[in-house]
Amino acid sequence: MLRMTPARLAPALALLFAPLACSDNAPAEDTAGTGETAGTAETGSGDALYNANIRRTSHGVAHVTADDWGSLMFGQAYAFTEDKGCLLADQLVKVRSERSRWFGPGEDNANLYSDFAYLHLHVYALAEEQFPQLSPLVKEGVMGYAAGYNQALADGKIGGSCDGQDWVPTQIDHIDLLAYYIDLGLLASGRQLISAIGSAQPPAGDAPPDPAPHYSTISAHRGKLGSNGWAFGSDVTASGGGMVMGNPHFPWEGELQLWESHLRIPDEFEVYGVGLLGVPGVLIGFNDSVAWTHTVSDGQRLTVYEITSPPGESTKYDYDGEVRDMESEPFTIDVLQDDGTLGSETRTMWRTHHGPMLALDPFYWTNALALSYRDANIDNFMLVEQFLRMNMATSLDEFQQVHMDVAGIPWVNTMAASADGRAWYMDSTPTPNLSQAAIDAWYTRSESGFTKALADQDVWLLDGSDSRDEWRDDPGARSPGLIAPANLPQLERTDFVFNANDSYWLSNPLAPLTGYSPLHGFADDARSMRTRMNAQTLLDIAGGGGFAGADGKLDLDELTEAALSNGGYTAELLRDELVDRCTGVGVWELDGLLVDIAEACDLLAAWDTKLNLDSVGAIVWREWVGDFEDVAFEDAGTLFATGFDIEAPLDTPNTLADGDRALDALAAAVLRLDEAGIPLDASLGEVQFTRKGDETIPVHGGGRAEGITNLMIYSQLRSDLEPEVPRAEELWEPTSLSADGYQINYGTSFIMCMEFNDEGPEGRALLSYSQSAEPDSGWYRDQTEMFSQKQWRPMLWHEADIVADPNLIEYDVAGGEGQG
């Protein structure tokens with residue numbers, strides 16, 4: 001029996017991260033209540049292992065300077081922990097498999113399943129095994145980051161609602177962090193299956209299986225995780241240098257928020273941007289030579305295998321005509337009981353050579369069906385190496401070479417532009433390498449049965465009993481079974497490249513990419529409404545029109561205008577036709593009810609198809625198009641008269657379908673808004689909002705069906721245990737309509753527009769949910785209010801701009817061996 005004990009450092013290394021008795025380094029008292037007080041505070045001494053200088057400019061952006069990598073990441077971690085450290089603490093408890101220890105088994109045993117799953121995935125064993133193999137740069141940075149968290153916690157500087165709670169780890173180490181980075185790498189694969197892994201047990205006669213999530217959990221990130229990324233080259237830009245618009249669509253709550261910083265080692269290294277919480281360096285941002293952004297890839301990060309077992313022997317399975325035994329391993333975890341005492345639970349977990357067994361409602365592990373899976377990211381230990389080396393690139397050529405040499409991108413496309421005016425796209429995500437025979441067999445199987453049911457959820461189910469369906473080695477790949485970087489989709493241009501979460505195919509519609517494995521996503525099929533909106537915008541700019549202005553070239557002002565222009569693509573396609581259809585109708589009968597649709601029709605006729613705060617008619621359109629949520633938008637049918645045409649991929653489908661459905665949906669929209677108590681003529685800003693503490697802040701933007709680049713929705717994609725922001729009862733799931741209107745907690749997160757000009761990099765940005773998790777901080781809702789009003793702020797890169805900031809705060813932090 002293996003009892004769960006997360007790895008700890010050896011005593012000598014543990015001393016390195018011991019709590020330090022340092023003077024308080026808090027900024028000067030905020031008498032104005034803004035959280036942005038000019039002044040300087042110092043802490044630490046010269047004999048510390050780590051020393052860093054932190055300067056906070058307006059809105060809490062942390063500019064960290066140090067003389068070495070360990071100290072730089074120490075400072076970054078310290079500043080991050082001040083703002084949102086509780087979210088990292090929660091994630092470390094999760095990957096330590098200690099959720100049940102501190103919080104009990106959880107609703108529907110969620111904590112139990114999580115704890116057993118992370119043990120079964122061996123994230124700690126993998127971290128211990130792999131850390132010595134990492135580069136000195138990464139080891140130094142990760143150890144410094146752990147020390148920075150420990151020091152901030154020791155100084156009482158942990159942002160969030162967890163300060164002083166027993167469950168918060170008082171000491172973390174590099175193994176904790178590497179285990180967490182392995183988990184982050186699984187975000188678009190195994191992390192979506194945690195409950196399915198943790199609940200998987202062999203069938204016991206006719207006894208019902210443990211509750212488990214619906215199989216759509218496997219692809220829950222699809223349609224949720226998303227983004228727009230634009231990169232422009234010299235043919236398009238007014239400066240002649242590259243330009244980038246980064247617009248990741250990520251949660252506004254939970255551990256997938258982004259955090260902003262500017263990192264510098266004098267005369268050696270400098271980068272600016274946002275990163276995932278708790279990760280060293282920058283995920284999306286720029287340096288002197290290159291700027292980049294990411295969008296979640298449409299490709300596959302895992303394959304599921306159908307397992308066939310001999311009758312009555314559910315822990316054996318057939319493979320190439322032989323019978324194999326599944327591997328088994330027992331684990332024990334501590335579980336908090338209702339009376340406050342600690343008990344324990346032991347469970348034996350099972351796996352095939354493909355990977356862990358799964359229990360997915362309705363595909364539970366039964367005598368009739370068993371599922372296992374293989375994950376392309378379970379052995380991706382290069383995530384930090386990848387991003388730090390991207391941060392360090394001094395040219396686009398170097399930046400591209402990192403993708404070839406390291407291959408540590410976990411689940412995103414990359415769009416980049418360089419100071420010399422080149423734009424580049426690559427889907428460098430780890431992708432299973434299946435033979436053509438296996439792909440052909442899957443196409444045949446996907447026409448019916450379990451394979452079709454999973455294919456409809458964009459999941460590949462393969463035959464686990466046939467070696468034909470194994471992943472094949474490709475020379476040059478990061479790991480066996482993956483497609484080598486040289487064979488992944490990529491494109492360099494001097495006009496533009498982009499992605500909006502569809503596949504690689506039309507990264508530039510003027511130069512389609514073809515000939516790649518369908519596991520990268522399908523080509524030659526319909527694009528989403530958001531992709532089509534992006535493509536239209538960029539093609540207009542590249543043609544010298546649209547937002548490019550009178551000179552036909554794009555500048556920074558025009559790029560920021562384009563980024564938040566808030567046009568709705570489905571409305572551009574269909575609004576006029578719907579208005580033609582409803583004009584003069586007056587009253588429409590729906591299911592025996594007479595509904596007056598005249599006002600709704602008039603509002604749509606007067607609407608400019610934008611989704612701005614003052615847009616009247618936008619909510620009528622939202623409820624109308626939301627009524628088609630169950631319709632395949634690429635097909636001709638009840639919404640579109642003309643379906644997808646490969647000869648016109650960005651212009652089809654189009655044209656409003658004949659029949660009564662259009663006016664039925666308009667009448668239903670009127671009824672729903674009436675039920676919610678919302679006037680038809682309410683502006684979007686009156687009914688669409690986000691909550692920050694006790695304050696509601698209006699938000700512009702729209703949903704997926706509206707086909708808008710500035711995505712704004714309600715969605716929970718998080719694994720943390722922080723309380724959810726309160727929300728009124730939902731009345732209509734497709735649009736998230738409630739009696740309060742439309743509450744937003746997901747979508748445009750960090751939005752960046754930047755260019756390279758004669759002075760170097762220059763950019764503007766907004767962090768939509770703001771930098772700090774502390775409600776009493778001036779940095780808790782300031783940028784949310786600015787985002788509401790489209791008030792861009794500069795990203796302060798040049799030293800003169802930083803020291804001139806009227807809200808500058810500066811303090812030194814130090815820690816590590818030698819401090820007393």
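**View 1. The left-handed disulfide of Cys86 and Cys162 in the predicted model.** The torsion about the S-S bond of Cys86 and Cys162 is about -90 degrees, so this disulfide (a pair of cysteine sulfur atoms within 2.5 Å) is left-handed. The pair joins distant parts of the chain, 76 residues apart, with Cys86 in helix H2 (residues 69-95) and Cys162 in the loop between helix H6 (136-154) and helix H7 (174-185); helices (H or I, at least four residues) and strands (E, at least two) are DSSP runs, numbered from the N terminus. The sulfur atoms lie 2.0 Å apart. Cys86 is buried at a relative accessible area of 1%, where buried means under 20% relative accessible area, exposed over 50% and partly exposed in between (1.4 Å probe, protein chains only).

Residues are numbered from 1 along each chain as its sequence is written, and side-chain values use heavy atoms, without hydrogens and water.

**View 2. The disulfide of Cys582 and Cys601.** With 85 degrees about the S-S bond, the link of Cys582 and Cys601 is right-handed. Cys582 belongs to helix H15 (residues 569-582) and Cys601 to helix H16 (residues 598-606), 19 residues apart, and both cysteines are buried.

**View 3. Helix H17.** Nine of the nine residues of helix H17 (residues 618-626) are buried, so the helix is largely enclosed by the rest of the structure; among them are Trp621, Arg622, Glu623 and Trp624.

Methods
Predicted model: local features only at pLDDT ≥ 70, side-chain atom pairs only at ≥ 80, totals over all residues.
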